[in-house]
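Biologist: Please put the sequence and the model up. I will then ask about a few places in turn.

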Amino acid sequence: MKNIVLISCVSKKLDKKSTAENIYVSPLFKKNLTYAKSLNPNEIYILSAEHGLLKLTDKIEPYDKTLNNMRSNEIKEWSKKVVNQLNSLTDLKNDEFTFLAGEKYRKYLIPELNNVKIPMKGLKIGKQLQWLTKQNN
């Protein structure tokens, strides 16, 4: 069994091509990434509204797409794509998935996974930042 951490993308990005790990520059993303690394997982992936699943080393151009502006059927299609990507890289039934991502990013993924953790479930952004700050100290 592997431990996999999934972090959602954010709107605040660098204005030039970069690795997925470095292109997202919001405090929430940075704190999520620091926390994710502290868990010593086997893999960390980013849930990108534009690209689906990204490895930290994937080079991407800045984009302006979010699940927050998508209709339910579009999010379902995005989720199917991500599940297919995850299925080729992980064991959906046996690996453990930790979500550092909001409800829209997790909603249709969770039913496809057996072992899920959501450490900040129900916390608004401000409370997530506080929780992450405590965990990262």
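**Helices, core and loops**

Biologist: Is the crossing of helix 2 and helix 5 left-handed or right-handed?

Modeller: Helices are DSSP runs of H or I with at least four residues, strands are runs of E with at least two, and both are numbered from the N terminus. A crossing is left-handed if the near helix is turned anticlockwise from the far one by less than a right angle, and right-handed if clockwise. For helix 2 and helix 5 the crossing is left-handed.

Biologist: What kind of model is this?

Modeller: Residues are numbered from 1 along each chain as its sequence is written, and side-chain values use heavy atoms, with hydrogens and water left out. Local features need pLDDT of at least 70, side-chain atom pairs count only at pLDDT 80 or more, and totals for chains, interfaces and linings use all residues, as the model is predicted.

Biologist: At what angle do the axes of helix 2 and helix 5 cross?

Modeller: Axes are lines fitted to C-alpha atoms, for helices over the stretch in contact, and angles run from 0 to 180 degrees between N-to-C directions. The axes of helix 2 (residues 27-38) and helix 5 (residues 125-136) come within 9 Å. Their crossing angle is roughly 35 degrees.

Biologist: How many nonpolar residues does the contact of helix 2 with helix 5 have?

Modeller: Contact means heavy atoms within 4.5 Å; on the helix 2 side the residues include Leu28 and Tyr35, and on the helix 5 side Leu129 and Trp131. Ala, Val, Leu, Ile, Met, Phe, Trp, Tyr, Cys and Pro count as nonpolar, Asp, Glu, Lys and Arg as charged, and the others, Gly among them, as polar. Besides 6 polar and 1 charged residues, the nonpolar count in the contact of helix 2 with helix 5 is 7.

Biologist: Which residues have the most contacts inside the largest nonpolar core?

Modeller: A nonpolar core is a set of buried Ala, Val, Leu, Ile, Met, Phe, Trp, Tyr and Cys residues joined through side-chain atoms within 4.5 Å. Buried means under 20% relative accessible area, exposed over 50%, and partly exposed in between (1.4 Å probe, protein chains only). The largest core has 41 residues, and those with the most contacts inside it are Leu6, Tyr24 and Leu47. Among the elements that each supply at least two residues of this core are strand 1 (3-8), strand 3 (43-48) and helix 2.

Biologist: Is Glu96 buried or exposed?

Modeller: Glu96 is placed in strand 6 (residues 96-100). Beyond four places in sequence, Glu96 touches Met1, Lys2, Asn3, Ile4, Asn115 and Lys117. Because its relative accessibility is 18%, Glu96 counts as buried.

Biologist: What is the relative accessibility of Lys117?

Modeller: Lys117 is in strand 7 (residues 115-117). Leaving aside neighbours within four places, Lys117 is in contact with Glu96, Phe97, Thr98 and Phe99. Lys117 counts as partly exposed because its relative accessibility is 42%.

Biologist: Which residue has its backbone oxygen 2.7 Å from a polar side-chain atom of Thr90?

Modeller: Thr90 is in the loop between helix 3 (72-89) and strand 6, and Thr90 is buried, with a relative accessible area of 9%. A polar contact is a pair of N or O atoms within 3.5 Å; within protein, one must be able to donate a hydrogen and the other to accept it, and residues adjacent in sequence count only if both atoms are side-chain atoms. The backbone oxygen at 2.7 Å from the Thr90 side chain belongs to Leu86.

Biologist: Which backbone nitrogen lies 3.1 Å from a polar side-chain atom of Ser26?

Modeller: Ser26 sits in the loop between helix 1 and helix 2 and counts as buried at 10% relative accessibility. Outside four places in sequence, Ser26 touches Val10 and Lys12. The nitrogen at 3.1 Å is that of Phe29.

Biologist: What is phi of Asn40?

Modeller: Asn40 lies in the loop between helix 2 and strand 3 and is exposed, with a relative accessible area of 65%. Phi of Asn40 is positive although the residue is not glycine, and its value is near 50 degrees.
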